[in-house]
Amino acid sequence: MSNSNILNIELIKKSLKTIDIARSIIYLEQTTSTNDIAKKLCSEGHHHGTIIIAEEQTAGRGRKKNRWLSIKGKGLYFSLILEPPVSSNVQLLTLGAGIAVANAIEKVCSVDSRLKWPNDVYIQNKKVAGILAEAISKRNESFKVILGVGINVNHDKRDFDDEIARIATSLKISSGKSVPREQVFVEFVSELAKIYSEIAKGKTSIVIKYWLDKALYVDEEVVVETENTSVVGKFIGLNDAGAMLLKDHNQNLHEIWAADVVRCRNI
Ligand code: BTN
């Protein structure tokens, strides 16, 4: 697979042709945000197994209304449309996508990455990938999840401004060489397909176990900042649905479903 600056989309399609969650792959040279395009396509009747991948995003979005740096030809920016069985949940899919990113990185670059709850992938304390999951639930229509994934692949340090350089890395920076984006994408989709089928069969404990095996801060003291408050406690694991379990100093157990920042207390 090539290191060129333009994705070899035919090669990607050929490599993924038997994979159910990648039935239709739509390639865009430039777009605002692949999540926004995926939402539009859902409303036009596109279903499970559509992936929108862009060479460049002009309005890439992250969580908390952050922007996602989406420089042309450097990263992977894509969104999957999935229709999970009703019983499974968005949180588990987000965790599953994190595992798939980490496994793809390991396979293609032999670099160890870690997962930070709920949806960040880190290499040596710097963020390399993020996931933005958005649920679409409309009357008389099947429940859909848009799973947006951004991976910093061939960014050089000079591609990041000073603020981003402090917190972000890329596969090229951490492995010391250019990385074929096609290969990372194909491995990601193949890994996610395996995890998705476990989730669809209700085998959620396997997903939780895989995730915890790669997690940052387990058994450590953390501060979790939710929308209204912050909780300090020991990160003791996840519940069956992927919520974070925190034990505070009074031994009270907190189930955290959505938090903006999770960090070690003393850093
Ligand atoms: C985060 O870490 O805050 C989530 C980042 C998600 C970025 C990806 S890039 C592809 C997709 N389209 C977007 O606008 N965002 C997601």
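**Ligand shell, sheet and domains**

Helix H2 (34-43) and strands E3 (76-82), E6 (126-136) and E7 (144-151) each supply at least two residues of the shell around the ligand. Helices (H or I, at least four residues) and strands (E, at least two) are DSSP runs, numbered from the N terminus. This is a predicted model: local features need pLDDT of at least 70, side-chain atom pairs count only at pLDDT 80 or more, and totals for chains, interfaces and linings use all residues. Residues are numbered from 1 along each chain as its sequence is written.

Which of the 20 residues around the ligand come nearest? They are Ser 33, Gly 62, Gly 130, Gly 148 and Gly 150. A residue is near a molecule or strand if its C-beta atom, placed from the backbone, lies within 6 Å of it. By class, the shell has six nonpolar, 11 polar and three charged residues. Ala, Val, Leu, Ile, Met, Phe, Trp, Tyr, Cys and Pro count as nonpolar, Asp, Glu, Lys and Arg as charged, and the others, Gly among them, as polar.

Now the sheet. Seven strands form an open sheet with mixed pairing, in the order E1-E2-E3-E7-E6-E5-E4. Two strands pair if DSSP finds at least two bridges between them. Strands E1 (24-28) and E4 (114-116) are the edges, and each pairs on one side only. Strand E5 (residues 120-123) and E6 pair in the antiparallel sense over four bridges. In E6, Lys 126 is the bridge partner of Ile 123. H3 lies across E3, E4, E5, E6 and E7, and runs at about 150° to E6. Axes are lines fitted to C-alpha atoms, for helices over the stretch in contact, and angles run from 0 to 180 degrees between N-to-C directions.

Next, the domains. The assignment, automatic or from a database, gives domain 1 (9-213) and domain 2 (221-264). Their C-alpha centres lie 25 Å apart. In domain 1, 12 residues are in contact with nine residues of domain 2. Contact here puts C-beta atoms, placed from the backbone, within 7 Å. Helix H3 (90-109) and H7 each give two or more residues to the side of domain 1 that touches domain 2. H7 gives the most, with five residues.

H7 (residues 204-213) also meets H6 (residues 181-200): their axes come within 7 Å and cross at roughly 135°. That makes H6 oblique to H7. Angles under 35 degrees count as roughly parallel, over 145 as roughly antiparallel, 65 to 115 as roughly perpendicular and the rest as oblique. Ile 195, Glu 198 and Ile 199 of H6 make the contact with Thr 204, Ile 206 and Val 207 of H7.

Conventions. Two residues are in contact if their C-beta atoms, placed from the backbone, lie within 7 Å.
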